[in-house]
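Please read the explanation below with the sequence and the model side by side. Find each residue as it comes up.

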Amino acid sequence: MEIRQRREGEHACLLYDRPAELLESVVPSVREALASGEQCIYLGDETTAAHVAGALAATVDVSEARDRRALRLVTQRDGYSPSGEFRTGDMAAFLERSITEGLAGGFSGVVVTGDVSWALGPEAGSEEVAAYEELVESLVPVHPVTAICQYNTRHVPSSVVKRLACTPSSEYR
């Protein structure tokens, strides 16, 4: 199951049930973006980032892509949440800085994708996640960016899904 018809300026949600389903959806989209000269930033926990790198390795030279910063695998503590707590302001600063650096680095666009399910833990509730989704929604139209927010349906209450600013669609699920 692949994320199809990814378009610049789009903010989509990928609702998934199993980790394998996540990889089947995200990896082809990341591979396509790298091939077209875009920078890909994957946000997630260490385990998921390692799984994404492993799945990409079958068709992409992951080390080379990382060395030239075309592929950035960013964990919460290393990048967007150094305190370990989900804070919309920290995420906003990280995303703005990352997008600006990617475009200044000569990439034709930036694809930001990541699993937001962890943010629904004790660090943040649905209000914080809704604020984050609204933040991403505000960034996408003003930059050559595609954003794909991922949510594990087993960890996302239906009240949160209803408040997502991104576009959940059967095309992405």
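Start with S98, which lies in helix 5, the stretch of residues 88-104. The model is a predicted one. Is S98 buried or exposed? Its relative accessible area is 2%. Buried means under 20%, so S98 counts as buried. Which residues does S98 touch, once those up to four places away in sequence are set aside? They are Q39, I41 and R72.

Now step back to the whole chain. The protein has 173 residues, and 52% of them count as buried. The accessible surface is about 7,900 Å². Carbon and sulfur atoms hold 49% of that surface. Seven helices and six strands make up the list of elements. Read from the N terminus, their order is β-α-β-α-α-β-α-α-β-α-β-α-β.

Move on to Y132. This residue is part of helix 6, which covers residues 126-139. What does Y132 touch, beyond residues up to four places away in sequence? The list is F86, T88, M91, L95, V116 and C149. Look at T88 in that list. T88 and Y132 are 44 residues apart along the chain, yet their C-alpha atoms are separated by 5.4 Å.

V116 is also on the list for Y132. Where is V116? It sits in the loop between strand 4 (110-115) and helix 6. Its relative accessibility is 5%, so V116 counts as buried too. Along the chain, V116 and Y132 are 16 residues apart. Their C-alpha atoms are separated by 9.5 Å. Leave aside the neighbours of V116 within four places in sequence. V116 is then in contact with V129, Y132, C149, Q150 and Y151. C149 is in contact with V116, and Y132 touches C149 as well.

Next come helix 1 and helix 2. Helix 1 spans residues 19-35, and helix 2 spans residues 46-56. The two pack at an angle of about 60°, with their axes 10 Å apart. That angle is why helix 1 is called oblique to helix 2. Which hand does the crossing have, right or left? The crossing of helix 1 and helix 2 is right-handed. On the side of helix 1, the contact is made by L22, L23, V27, V30 and R31. Helix 2 brings T48, H51, V52, A55 and L56. How do the residues of this contact divide? Seven are nonpolar, two are polar and one is charged.

Take T75 to begin with. It is found in the loop between strand 3 and helix 4 (76-80). T75 has a relative accessible area of 9%, so it is buried. T75 and D45 are 30 residues apart along the chain. Their C-alpha atoms are separated by 5.1 Å.

S36 is in another setting, the loop between helix 1 and strand 2 (39-43). How does S36 count at 42% relative accessibility? Buried residues are under 20%, exposed ones over 50%, and partly exposed ones in between. S36 therefore counts as partly exposed. G109 lies 73 residues from S36 along the chain, and their C-alpha atoms are separated by 9.2 Å.

Finish with R69. Its place is the loop between helix 3 (62-67) and strand 3 (71-74). R69 has a relative accessibility of 41%, so it counts as partly exposed. Its backbone has a feature to look for as well. Phi of R69 is near 65°, a positive value in a residue other than glycine.

Key
Residues are numbered from 1 along each chain as its sequence is written. This is a predicted model: local features need pLDDT of at least 70, side-chain atom pairs count only at pLDDT 80 or more; totals for chains, interfaces and linings use all residues. Side-chain values use heavy atoms; hydrogens and water are left out. Axes are lines fitted to C-alpha atoms, for helices over the stretch in contact, and angles run from 0 to 180 degrees between N-to-C directions. Helices (H or I, at least four residues) and strands (E, at least two) are DSSP runs, numbered from the N terminus. Angles under 35 degrees count as roughly parallel, over 145 as roughly antiparallel, 65 to 115 as roughly perpendicular and the rest as oblique. A crossing is left-handed if the near helix is turned anticlockwise from the far one by less than a right angle, and right-handed if clockwise. Contact means heavy atoms within 4.5 Å. Ala, Val, Leu, Ile, Met, Phe, Trp, Tyr, Cys and Pro count as nonpolar, Asp, Glu, Lys and Arg as charged, and the others, Gly among them, as polar. Buried means under 20% relative accessible area, exposed over 50%, partly exposed in between (1.4 Å probe, protein chains only). Accessible areas come from the Shrake-Rupley method with a 1.4 Å probe; for residues, only the protein chains shown count as cover.
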